[in-house]
Amino acid sequence: MGKRGSEYIHYFGRDIRGSKSEQDKFAYYQLMHELSTLNKRKYTVMAFCLMKDNSHIILRRKGSEVSQSHLPDWSGSWKKADVIINLKYLRLLIAYVHRLPVEHGISTNFQTYPYTSFTDILYNRKSMISVSDVLKLYGSREYFLEMHRAVLQDLYLERIEFGS
């Protein structure tokens, strides 16, 4: 994938401020706005999922080293979870990130959860996501959908196999 094997990076963060539904909604919009500014820096947002207690972003490095200090500091810290060196694992990880609201029981359908990049990618919406770059990873919109419908057990097998 990358020349140095560290082109794609998975970060996760916790503790979005707010406890009432309106405060939560404001916090999500604030996070989405702050994420939209990341493209102006040295990396591109490839996928995201924002939840109250567990948010994830996948970044593609454009040049120099990406560090936690480049990430916005909103109500909690971001931690680097993975440096992704395998294309199959990256595809599965993007699907996993998009499906997190269902896995965490906060939505019954990941396709309708409003705080992920899934619909931006699926419907080629203008957003902070590099839709064409994401779809290139999958080869087609149909394969993007197929991977999101696949059993995510494969993700864990890939992680073990490739040590990501």
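Sheet pairing and buried residues in a predicted model

Q: Which residue of S3 stands opposite Phe 48?
A: In this predicted model, Phe 48 faces Ile 57, which belongs to S3.

Q: Why are S2 and S3 said to pair, and in which sense do they run?
A: Two strands count as paired if at least two bridges are found between them. S2 and S3 are joined by six bridges and therefore meet that requirement, and they run antiparallel. A hairpin of five residues leads from S2 to S3.

Q: How do you know that S1 and S3 pair?
A: The test is again at least two bridges; S1 and S3 share six, in the antiparallel sense, and so they are counted as a pair.

Q: What makes S2 and S4 the edge strands of the sheet?
A: The four strands form an open sheet in the order S2-S3-S1-S4, with antiparallel pairing. S2 and S4 (residues 78–84) are the edge strands, since each of them pairs on one side only. From one strand to the next, the twist averages 25°.

Q: Which strands does H2 touch where it packs on the sheet?
A: Helix H2 is in contact with S1, S2, S3 and S4, and its direction makes about 45° with that of S2.

Q: What makes helix H4 mostly covered?
A: Six of the eight residues of H4 (residues 131–138) are buried, namely Val 131, Asp 133, Val 134, Leu 135, Leu 137 and Tyr 138. These buried residues pack against strands S1 (8–13), S2 (43–49) and S3 (55–61), and also against helices H2 (87–103), H3 and H5 (141–149).

Q: Why is Thr 119 called buried?
A: The relative accessible area of Thr 119 is 15%; as buried means under 20%, Thr 119 is therefore buried. This residue is found in helix H3, which spans residues 118–122. Leaving aside neighbours within four places in sequence, Thr 119 is in contact with Gln 111, Asn 124 and Arg 125.

Q: How many helices and strands does the chain have, and in what pattern does the chain arrange them?
A: The chain has six helices and four strands, and, read along the sequence, they follow the pattern β-α-β-β-β-α-α-α-α-α.

Q: What share of the residues of the chain count as buried?
A: Of the 164 residues, 51% count as buried. The chain as a whole exposes about 8,600 Å², with carbon and sulfur atoms supplying 49% of that area. Among contacts between residues at least 6 apart in sequence, 64% join residues at least 24 apart.

Conventions:
Residues are numbered from 1 along each chain as its sequence is written. This is a predicted model: local features need pLDDT of at least 70, side-chain atom pairs count only at pLDDT 80 or more; totals for chains, interfaces and linings use all residues. Side-chain values use heavy atoms; hydrogens and water are left out. Helices (H or I, at least four residues) and strands (E, at least two) are DSSP runs, numbered from the N terminus. Buried means under 20% relative accessible area, exposed over 50%, partly exposed in between (1.4 Å probe, protein chains only). Contact means heavy atoms within 4.5 Å. Accessible areas come from the Shrake-Rupley method with a 1.4 Å probe; for residues, only the protein chains shown count as cover. Axes are lines fitted to C-alpha atoms, for helices over the stretch in contact, and angles run from 0 to 180 degrees between N-to-C directions.
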